Amino acid sequence: MKARRIFRASRKTPDERAREQALRAKLQKGRPSLEDLIRDGECDPDAVMTMGMYFDVQKALQALKQERVRCGLSIGDVAARSGLDRAVISRLENGKQDNPTIATLMRYAAAVGKRFLWSYEDLATKVTNGHGAPGRRRSKRPLSNP
């Protein structure tokens, strides 16, 4: 069975596309660092994928690749089962696709007979306030007076 590609029309307005092109041109010309972008308010630091996050995604992808090999499936087999392009699967397995979508990960997992699950655990280091002191967690609930 050959995979069927789905093309979706862009939902961006001409103004949004022009703004995006202008931003790309500006970034290509100036080549600002991540710190410069954060300092100038052009990048949300909470939206940046850290190396730890990247390695977590790569670890999951390597586990999927090992499962594919264990099952005796080729990249073409996974492509046919998942509807993903063979090149996408190759980039995923080789760490060239640095931020895959959740849907892509789920489709890959299903193609090798697995279900992609998310979990969380405590961080290895304490959260600090930027000055080395432990940060105080903020709550949306108002504090009650004793």
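The structure is a predicted model, in which local features need pLDDT of at least 70, side-chain atom pairs count only at pLDDT 80 or more, and totals for chains, interfaces and linings use all residues. Residues are numbered from 1 along each chain as its sequence is written, and side-chain values use heavy atoms, with hydrogens and water left out. The chain has 6 helices and 0 strands; helices (H or I, at least four residues) and strands (E, at least two) are DSSP runs, numbered from the N terminus.

**Whole chain**

- From the N terminus on, the order of elements is α-α-α-α-α-α.
- Of the 146 residues in the chain, 18% are buried; buried means under 20% relative accessible area, exposed over 50%, and partly exposed in between (1.4 Å probe, protein chains only).
- The chain exposes about 12,800 Å², and carbon and sulfur atoms supply 52% of that area. Accessible areas come from the Shrake-Rupley method with a 1.4 Å probe, and for residues only the protein chains shown count as cover.
- Among contacts in the chain with a separation of 6 or more, 47% join residues 24 or more positions apart; contact means heavy atoms within 4.5 Å.

**Helix α3**

- The 20 residues of α3 should span 28 Å at 1.5 Å a residue, and its end C-alpha atoms are 28 Å apart, which agrees. The expected span is 1.5 Å times one less than the number of residues in the helix.
- Buried residues in α3 are Tyr54, Val57, Gln58, Leu61, Leu64, Glu67 and Arg68. Their cover includes α4, α5 and α6.
- Glutamine 58, in helix α3, is buried with a relative accessible area of 10%. Leaving aside neighbours within four places in sequence, glutamine 58 is in contact with Leu92, Gly95 and Gln97.
- Glycine 72 follows α3 and has a positive phi, near 75 degrees.

**Helix α4**

- Helix α4 (residues 75–82) has Val78, Ala79 and Ser82 as its buried residues. Seen down the axis of α4, these fall within an arc of 105 degrees, so they line one face of the helix; the arc is that of the directions from the helix axis to the C-beta atoms.
- The cover over the buried residues of α4 includes α3 (51–70), α5 (86–93) and α6 (102–111).
- Just after α4, glycine 83 has a positive phi of about 80 degrees.

**Helix α6**

- Thr104, Leu105, Tyr108, Ala109 and Ala111 are buried in α6. They are on the same side of α6, because they cover an arc of only 160 degrees around the axis.
- These buried residues of α6 pack against α3, α4 and α5.
- Glycine 113 follows α6, with a positive phi near 80 degrees.

**Nonpolar core**

- The largest nonpolar core has 16 residues, and those with the most contacts inside it are Leu61, Leu64, Val78, Ile89, Tyr108 and Val112. Such a core is a set of buried Ala, Val, Leu, Ile, Met, Phe, Trp, Tyr and Cys residues joined through side-chain atoms within 4.5 Å.
- Two or more residues of this core come from each of α3, α4, α5 and α6, and α6 gives the most, with 4 residues.
- Leaving aside neighbours within four places in sequence, tyrosine 108 is in contact with Leu64, Lys65, Arg68, Leu84, Ile89, Leu92 and Glu93.

**Aromatic pairs**

- The whole structure holds 2 aromatic pairs. Rings of Phe, Tyr and Trp (its six-membered ring) pair if their centres lie within 6.5 Å; planes under 30 degrees apart count as stacked, over 60 as edge-to-face and the rest as tilted.
- Phenylalanine 116 and tryptophan 118 form an edge-to-face pair, 5.2 Å centre to centre and with 65 degrees between the planes.
- Phenylalanine 116 counts as buried at 14% relative accessibility, whereas tryptophan 118 counts as exposed at 54%.

**Residues in and around α1 and α2**

- Arginine 31 lies in the loop between α1 (14–30) and α2 (34–39) and counts as exposed at 60% relative accessibility.
- Although not a glycine, arginine 31 has a positive phi of about 45 degrees. Most residues other than glycine have a negative phi.
- Glutamate 35 lies in helix α2 and is exposed, with a relative accessible area of 56%. Its C-alpha atom is separated by 9.1 Å from that of proline 45, 10 residues apart along the chain.
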